Amino acid sequence: MNQEEKQLYKTFEKEVWLYLDNELSEKRRAFWDHKINEHQELRNYLNDCLDIGNTYRSNINISLSEDTYDLMIEKAIANNSFLEKLKSFFAGLFSSEYEFIFGKIAFASFLIVAAIIISIVSNRPNPVEQLTNTINNQLLEWNPIYVDKKISKVENLLRLAKDDDYKRYTKYGLNPENVDKNINLIGNNIDELKKDINSKKL
Amino acid sequence: MQENQLIDKCLRGDGIAFKQLINNYRSQLFGYMWRYSNSRFEAEEMFQETLIKVWKGLKKYNHQQKFSSWLFTIGHNVAMDSIRRRKKDNLFSSIVDNFEMHAPNKPDEEIIREEQIRLINESVDGLSEKQKAVFLLRQHGDLTFKEIAETINEPLNTVISHMHYAIKKIKKQLEVKNEPRRKAII
C-alpha cells in the first residue's frame, strides 16, 4: 500500500460510518462508491464493519418477560406524584378528545372553589378588634333609653345654664312654673284670709 | 397509532399508551443495558429507572427529536450512573451473566456462528467504556452516528473514532482467538 492509498484508507476509516448512515453529500458518496470498487482494502474494511455488526445483531434476542415488563410499567406510572397527576388531569380536560363543555364546567367549578378558599383565607378579621366592637355594640343594645335620657338631661342642663333661671333653679330647687304656682297659691291664700276677716267683723 | 399520538396520550396519564410506546424499543433498550452491564439483574434495575425517568420527563420531550434517540439518551445516562455506582461500591463485580448459549446436537455451522458471537461478546466486554457505549448504541439502538454523538454528548468525530477502535479491537480479538482453531483444522 503506497502513501496515497494509506491516506485514502485513513480517510475512509473516518468517513465509513457517515457513508453507511447516508450522511455524506451525493458527490462524496459517489467518490467513495468509486474508490470502494477500485480498492480491495477499502472493501475489506467496509465488510469488517458490516460483518461484526451483523453477527452481533443476529444474537440480540435478550428480552424481558411480559409480566416483568407490565410490573415495571405500573411502577413507573405509580411513581408519579399527586401534583403531576392533577396537572395531567387538567391538561387532559382541555384536550380535543374530551368534551370541551365538560372542561369548561370543571374549570368554572375549580375557579369558584378557589375563589371561596381565597376569600376565606384572605378576609379573616382581627380577632381583638372584633371582640371590642362586639362589647360596644352590646352596651348600646342593652340600655339605649337610659343613654338617651342621659343625653337629654345634659342638653337641658346646658340650656338652663345659659339664662338666669338656672340661678333660681339651683337656689330654690324650683323651676319658674313652680315659683309662679306657689305665688298664685300664696295670693289665693291671702284672698281667702281677707274674705275671712271681712266676714268676721268686730 | 403513531408515536406522537402515543406520547400525547402519555402526557394525559394514559399508562396503556406508555406501555405501547416503550414496547417498540423494549428489547433493544433492555438488551443494550444487559450487554452494557453484563448483568440481567442490574439491567432490570436500569430499565426500571429509565421507565420512571421517561414517564416523568415526557413533558420535556421535544417532538422534533427522534423518540428512540431521546429514550436511549436517558437509558444511556442511567446505565452510566449505575456502572459508576457499581465501580464505587464494587457490589456487582461477581455478578456477571454468561451469554453462552451452546445447545447439544447443533450443526457445525451453527456452533461456529455461536462461537463467533461469544467471541464478539467477550471482545465487547474488553472495550473501553466509551467504545462499548458507542458500539452497543449502534447495534441495539440502531442510532446513526449523529444521534449517538448527541446521546453520549461527544463530538461526532470522537464517536466515529471510538467506533473505529472498537471494530479494530474486536477484529483483532477474533483473529487471535480464531488462529488456534484454524491451525487445528490445518
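This is a predicted model: local features need pLDDT of at least 70, side-chain atom pairs count only at pLDDT 80 or more; totals for chains, interfaces and linings use all residues.
Residues are numbered from 1 along each chain as its sequence is written, chains are lettered from A and ligands numbered from 1 in the order in which they are written, and side-chain values use heavy atoms, with hydrogens and water left out.

On the side of chain A that touches chain B, the elements giving two or more residues are α1 (3-20), α3 (40-57), α4 (66-78) and α5 (82-93) of chain A; helices (H or I, at least four residues) and strands (E, at least two) are DSSP runs, numbered from the N terminus. The most is given by α4(A), with 10 residues. In total, 41 residues of chain A are in contact (heavy atoms within 4.5 Å) with 48 residues of chain B. The area buried between the two chains is about 4,100 Å², 62% of it from carbon and sulfur atoms; this is the accessible area (1.4 Å probe) that two parts lose on being put together, summed over both.

Another pairs Asp70(A) with Lys19(B) at 2.6 Å, N to O. Asp70(A) lies in α4 of chain A and Lys19(B) in α2 of chain B, so the pair joins two chains. Asp70(A) has a relative accessible area of 24% and Lys19(B) one of 25%; both are partly exposed, the class between buried (under 20% relative accessible area) and exposed (over 50%), with a 1.4 Å probe and protein chains only.

Chain B has 9 helices and 0 strands, and 48% of its 186 residues count as buried. In helix α1 (residues 3-11) of chain B the buried residues are Leu6(B), Ile7(B) and Cys10(B). Seen down the axis of α1(B), these fall within an arc of 100°, so they line one face of the helix; the arc is that of the directions from the helix axis to the C-beta atoms. Phe18(B), in α2 (residues 15-23) of chain B, is buried at 0% relative accessibility. Its contacts beyond four places in sequence include Tyr69(A), Ile73(A), Cys10(B) and Trp55(B).

His76(B) lies in helix α5 (residues 67-89) of chain B and is buried, with a relative accessible area of 3%. A polar contact of 2.7 Å joins its side chain to that of Tyr32(B). Within chain B, a salt bridge of 3.2 Å (N to O) connects Lys66(B) and Glu147(B). This pair links distant parts of the chain, 81 residues apart: Lys66(B) is in the loop between α4 (40-57) and α5, and Glu147(B) in helix α8 (residues 145-152).

Definitions and conventions
A polar contact is a pair of N or O atoms within 3.5 Å; within protein, one must be able to donate a hydrogen and the other to accept it, and residues adjacent in sequence count only if both atoms are side-chain atoms. A salt bridge is a side-chain nitrogen of Lys or Arg within 4 Å of a carboxyl oxygen of Asp or Glu.
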